[in-house]
Amino acid sequence: MRIIHLNESHRKAWDEFVLTTPESGFMQSWAWSGFKELEKQNVRRIGVFDQEKLLAGAMVYYVPSSFGSSPLELPHGPVLPWKQRSLAAECMELIRSELGRIAREVKAPMIRIEPMIVGDLPGYLGALVRAPLDLIPTDTLVAAVFKNDQAILDSMSSKGRYNIRLALKKGVEVFSSGNEGDVDEFYALFELTCNRHHFQGESRGFFKNMMRHLGPSGMAKLYFSRYKGMILSSAIMITFGEKATYLYGGQSSFLPSVMANYALHWSMMTDAREMGCRAYDFYGIAPDNDPFHPYARFSQFKSRFGGTRVTTAGAHDIYLYEQLAELWVKNMRGMPELSKAPVC
């Protein structure tokens, strides 16, 4: 087996491989890595091959800084043959070795992985430390959308069904767009929602880059709910394989009684089904028994759509002590009050 740095000729094989690996997701797709390059992130695409057969790999993201670089991040990765334990362990050893080489080259202090493993990470990944910050929400709600309308509605709470029907009865309309030019309409509500709930949101340019790169293929779509000509809620949905993910959203504080956000998600769920998806991921809910979690205020709303709670292992770090020591020394030298201190 050997490590190869992937190029455009590997794109089709890579995406097909990721799609057959349920422990990975859209952040390991080739298209998403291209979007992150638009966002000025550096991307390394590595694959483990046995002859011509792709066995494992990772999309690796990092940002250069004055002190070296950010951690090497693998959201939804690495992509491994998880069910073949010995092969997965061997592939991981090769990937880890190559990531260590890249980290030394770019002076990254650690490697942060986050596959979509439910429960604990397998021991063959080696000594890992639970990261202080997750790259993706560890608790989420996933609803089945491959059924007919009535079956999907039956899986919801009675309040969810009632509010969807109320919104449609009142005449709430939902429309979608794949155009970068509609980001401003989305962002107006997204920014208001972030300010209202004291969240640090992404920039307008982030969403423009997302729609510019992922909109034409349909991987990213904007959704809007409208009542009597007024846009009341908006969202972005990402589709990759058989899963659709509600990634970002915004909601007006006007006319809450028309339940526009219920109509919005109902349309997104049925649209996802029409695009061949089997699951709709609400992308983040509060953990059980944590009423003060930042997602708590949204979790009750999301739970009314039914679905199954999924809790993944979260982000884990591999510390690179040589780079950490180098970073510490460089940081200390940059502090004049310490560099001038007398030596005792």
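Which residues do ring pairs link into a cluster?

Modeller: A note on the basis comes before the answer. This is a predicted model, in which local features need pLDDT of at least 70, side-chain atom pairs count only at pLDDT 80 or more, and totals for chains, interfaces and linings use all residues. Residues are numbered from 1 along each chain as its sequence is written, and side-chain values use heavy atoms, with hydrogens and water left out.

The cluster linked by ring pairs is made of Phe26, Trp32, Phe35, Phe186, Tyr187, Phe190, Phe206, Phe207 and Tyr248. A pair of aromatic rings is described by the distance of the centres and the angle of the planes. Rings of Phe, Tyr and Trp (its six-membered ring) pair if their centres lie within 6.5 Å; planes under 30 degrees apart count as stacked, over 60 as edge-to-face and the rest as tilted.

The structure holds 20 aromatic pairs.

Another edge-to-face pair joins Phe207 and Tyr248, with the centres 5.0 Å apart and 90° between the planes. This pair links distant parts of the chain: Phe207 belongs to helix α7 (residues 204-214) and Tyr248 to strand β13 (residues 243-251), 41 residues apart. Helices (H or I, at least four residues) and strands (E, at least two) are DSSP runs, numbered from the N terminus. Phe207 counts as buried because its relative accessibility is 0%.

Leaving aside residues up to four places away in sequence, Phe207 touches Val183, Phe186, Tyr187, Phe190, Glu202, Ile236 and Tyr248; contact means heavy atoms within 4.5 Å.

Some of these names return in the largest nonpolar core. Such a core is a set of buried Ala, Val, Leu, Ile, Met, Phe, Trp, Tyr and Cys residues joined through side-chain atoms within 4.5 Å. The largest has 40 residues, and Trp14, Trp32, Phe186, Phe207, Met210, Leu214 and Ile238 are those with the most contacts inside it. Helix α6 (residues 183-197) gives the largest share of this core, six residues. Apart from it lies another core, of 29 residues, including Ile46, Val60, Trp82 and Ile113.

Two other rings have a charge over them. A charge sits over a ring if NZ of Lys or CZ of Arg is within 6 Å of the ring centre and within 35 degrees of the ring normal. The charged end of Arg45 is placed over the ring of Trp30, 4.9 Å from its centre. Over the face of Phe146 lies Arg278, at 4.1 Å from the ring centre.

Val310 is in strand β15 (residues 308-311) and counts as partly exposed, at 24% relative accessibility. Among the residues that Val310 touches are Val118, Thr138 and Val142. Ser157 lies in the loop between α4 (149-154) and α5 (158-170). Ser157 is also partly exposed, at 27% relative accessibility. Between Ser157 and Gly307 there are 150 residues of separation in sequence and 9.9 Å in space, C-alpha to C-alpha.

Key. Buried means under 20% relative accessible area, exposed over 50%, partly exposed in between (1.4 Å probe, protein chains only).
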